[in-house]
Amino acid sequence: QARLEGILTRFTAGREMFFLASDLERGGYETEDRKGKTVLHLLVSVSIGVLPVSPGAYATHREISTAASHAKKLAKRLEGSALFIERRALPLKQPA
């Protein structure tokens, strides 16, 4: 967890060299779209979803992929650069 939080910290600090201070304060930068309307684009961010996998917790690699995708989706729901670690205890799958 500390390594992942370090990645988020370094990413956020590193992106500052690419934006104006006013953009950083506003949380994004403005451009004009094709119709001449001003549009705010949020600053780039990174989202990390973590799924701890214990032996026997999932029956197939597809179940792991689905659960990992869900963890990533939950991380993306958080504002800015974010880390989501799935902490719910899942019942172990019984062999068929």
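Author: A salt bridge is a side-chain nitrogen of Lys or Arg within 4 Å of a carboxyl oxygen of Asp or Glu. Side chains of opposite charge can pair when their charged atoms come close. This is a predicted model, in which local features need pLDDT of at least 70 and side-chain atom pairs count only at pLDDT 80 or more, while totals for chains, interfaces and linings use all residues. Residues are numbered from 1 along each chain as its sequence is written, and side-chain values use heavy atoms, with hydrogens and water left out.

By the rule above, there are two salt bridges. One of them joins the side chains of R26 and D23, with a distance of 2.7 Å from N to O. Both R26 and D23 belong to helix α2, which spans residues 21-26, and they are three residues apart, about one turn of the helix. Helices here are DSSP runs of H or I with at least four residues, strands are runs of E with at least two, and both are numbered from the N terminus.

The partners can also be described by their accessibility. A residue is buried under 20% relative accessible area, exposed over 50%, and partly exposed in between, using a 1.4 Å probe and protein chains only. R26 is partly exposed, at a relative accessible area of 40%, whereas D23 is buried, at 10%.

The other salt bridge links R88 with E86, and their closest N and O atoms are 2.6 Å apart. R88 has a relative accessible area of 53% and is therefore exposed. E86, with 10% relative accessibility, counts as buried.

The setting of these pairs is the chain as a whole. The chain has three helices and four strands, arranged along the sequence as α-α-β-β-β-α-β. Of its 96 residues, 21% are buried. The radius of gyration of the chain is 19 Å, whereas a compact globule of 96 residues would have one near 12 Å; this radius is taken over C-alpha atoms, and the globule rule is 2.2 Å times the number of residues to the power 0.38. Along the principal axes, the C-alpha atoms fill a box of roughly 60 × 35 × 15 Å.

Finally, the chain carries 15 positive and 10 negative charges, whose mean positions are 11 Å apart. In this count Lys and Arg are positive, Asp and Glu are negative, and His and the chain ends are not counted. Each charge is placed at NZ of Lys, CZ of Arg, CG of Asp or CD of Glu.
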